[in-house]
Amino acid sequence: MSAINLTNQFLIAMPGMMDGTFAGAVIYLCEHTEKGALGLVINKPIDIKLKNLFEKVELSLDRADLAEVPVYFGGPVQTERGFVLHQPAGNYSSSLAVSERVSLTTSKDVLEAVAGGSGPQQMLVTLGYAGWGAGQLEQEISANAWLTVDADTAIIFETPAEQRFSAALNLLGVEPSSLSGQTGHA
């Protein structure tokens, strides 16, 4: 029996999500194996901009198009650590290839490349990540805590944060209002 692999998929929190950390969250799953799963919340910007993050790591960000881009709350694990979701994949010292086009990098060299004017064309930077132990995510999905759908990178990199939840649901053909738990029609 092979385990389901949800790498490169979105997890969409169901309205009944009791954990306030993940209420209304869309998570991009970067790795899912029999040992567990790792993902990044992609729709919860925090009060830190990229220019502030670059200053903290002693890099100069001279790209006006990125200076005011928000950093995101990626999840409750290692919230002091940065995670860079980007495309194209590139060649950095600590990267995990999520798909052919998207990588997750945790090493500073990706930020150095951006500061130097190169680096990935598109990126989303988070502090922290969401993690699950072996079988934990599967259990949460079977308890209807999450919907899953194949990820669309346009939602990650091009859709405004406040529209990502409904955009991810739309991939399933679901309107957010239909998830209220009420059965309005048969």
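## Basis of the model

The model is predicted: local features need pLDDT of at least 70, side-chain atom pairs count only at pLDDT 80 or more, and totals for chains, interfaces and linings use all residues. Residues are numbered from 1 along each chain as its sequence is written, and side-chain values use heavy atoms, with hydrogens and water left out.

Helices (H or I, at least four residues) and strands (E, at least two) are DSSP runs, numbered from the N terminus.

## Ile27

Ile27 sits in strand β2, residues 26-33. Ile27 counts as buried because its relative accessibility is 0%. The term buried means under 20% relative accessible area, exposed means over 50%, and partly exposed lies in between (1.4 Å probe, protein chains only).

Contact means heavy atoms within 4.5 Å. Setting aside neighbours within four places in sequence, Ile27 is in contact with Gln9, Phe10, Leu11, Phe22, Gly39, Leu40, Val41, Ala130, Trp132 and Trp146. Gln139 is 112 residues from Ile27 along the chain, and their C-alpha atoms are separated by 16 Å.

## The nonpolar cores

A nonpolar core is a set of buried Ala, Val, Leu, Ile, Met, Phe, Trp, Tyr and Cys residues joined through side-chain atoms within 4.5 Å. In soluble globular proteins, nonpolar side chains tend to be buried together. Here the largest nonpolar core has 29 residues. Those with the most contacts inside it are Phe10, Tyr28, Cys30, Ile42, Leu85, Leu104 and Ile156. At least two residues of this core come from each of β1 (9-13), β2, β3 (36-41), β6 (77-87), β9 (122-133), α5 (153-157) and α6 (164-171). Helix α6 gives the most, with four residues.

Beyond its neighbours within four places in sequence, Ile156 is in contact with Phe10, Tyr28, Ile42, Leu85, Leu124 and Arg164. Another core, of 17 residues, lies apart from the largest one; among its members are Leu61, Val84, Val110 and Val114.

## Strand β9 and its partners

Strand β9 is mostly covered, with nine of its twelve residues buried. Two strands pair if DSSP finds at least two bridges between them. β6 and β9 pair in the antiparallel sense over seven bridges. Leu85 stands opposite Leu124 in β9.

β3 and β9 also run antiparallel, joined by four bridges. Ala37 has Trp132 in β9 as its bridge partner. Strand β5, residues 70-73, pairs with β9 in the parallel sense over two bridges. Leu127 in β9 is the bridge partner of Phe73.
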